[in-house]
Amino acid sequence: EKVIASEPDIPLAQLQLGIARARTKQHARAIAPLTSAVSLDPNQLFGQYELGIALYETGDLQGAAQHLAIVAAKMPGWADARYSLGSVYARIDRVAEATTELRAALALEPRHFRANLLLGRILTLQNRADAAIPLLRTAVEVDPKSTEAKAFLEEAIRKKTP
């Protein structure tokens, strides 16, 4: 904070302050320095990602989608960015785009727990249990302690069985 107070045009200082605040669950307080960091250096993709996550955590889903889309476009091989964008899209009712991003994440990391879980959940809700079950089984394999994954898998199995 002292560095930023005296040298506000240092993008790395802004980024580090924003990340420090985000890591301590101070997402609302992280937004200003992260916004400054990406304004000073728009190619700072980690800053764009962290800003997207902070905006998501504070309820600005449209803003989160904008920043996460930048990261996913410039770093298409980063599974977590693709998952995060898909997750936001699912919450703003852009389900087709969400499934595209989740499938991209799974193409990169087939055992990505959260991508398997969310895509499996979406497919179950779309009455596509046959397609959901393998994804949810993978999620349970990856994290056998997840009660959420087990519950979603059980629901998909129930929906499949007439």
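**Figure 1. Packing of helix 4 against helix 6 in the predicted model.** Helix 4 and helix 6 pack with their axes 11 Å apart and at an angle of about 30°, where axes are lines fitted to C-alpha atoms, for helices over the stretch in contact, and angles run from 0 to 180 degrees between N-to-C directions. The two helices, helix 4 and helix 6, are therefore roughly parallel to each other, a term for angles under 35 degrees, while those over 145 count as roughly antiparallel, 65 to 115 as roughly perpendicular and the rest as oblique. Y49, I53 and Y56 of helix 4 make the contact with D80, A81, S84, V88 and R91 of helix 6, contact meaning heavy atoms within 4.5 Å. Residues are numbered from 1 along each chain as its sequence is written, and side-chain values use heavy atoms, with hydrogens and water left out. Since this is a predicted model, local features need pLDDT of at least 70 and side-chain atom pairs count only at pLDDT 80 or more, while totals for chains, interfaces and linings use all residues.

**Figure 2. Packing of helix 6 against helix 8.** Helix 6 also packs with helix 8 (residues 113–125), at an angle of about 30° and with the axes 10 Å apart. Helix 6 and helix 8 are therefore roughly parallel to each other, and their crossing is left-handed. On the side of helix 6 the contact is made by D80, Y83, G86, S87, A90 and R91, and on the side of helix 8 by R114, A115, L118 and I122.

**Figure 3. The aromatic pair of Y49 and W78.** The structure holds 1 aromatic pair, a pair being rings of Phe, Tyr and Trp (its six-membered ring) whose centres lie within 6.5 Å. The ring centres of Y49 and W78 are 4.5 Å apart and their planes stand at 40°, so the pair is tilted; planes under 30 degrees apart count as stacked, over 60 as edge-to-face and the rest as tilted. Y49 counts as buried at 11% relative accessibility, whereas W78, with a relative accessible area of 22%, is partly exposed; buried means under 20% relative accessible area, exposed over 50% and partly exposed in between (1.4 Å probe, protein chains only).

Figure 4. Q48 has its place in helix 4, and at 5% relative accessibility Q48 counts as buried. Leaving aside residues up to four places away in sequence, Q48 touches V38, P42, H67, I70 and V71.

**Figure 5. R121 over the ring of F152.** R121 lies over the face of F152, at 4.4 Å from the ring centre, a charge being over a ring if NZ of Lys or CZ of Arg is within 6 Å of the ring centre and within 35 degrees of the ring normal. F152 is placed in helix 10 (residues 147–160), helices (H or I, at least four residues) and strands (E, at least two) being DSSP runs numbered from the N terminus. At 16% relative accessibility F152 counts as buried, and F152 touches L117, R121 and L136, not counting residues up to four places away in sequence.

Methods
A crossing is left-handed if the near helix is turned anticlockwise from the far one by less than a right angle, and right-handed if clockwise.
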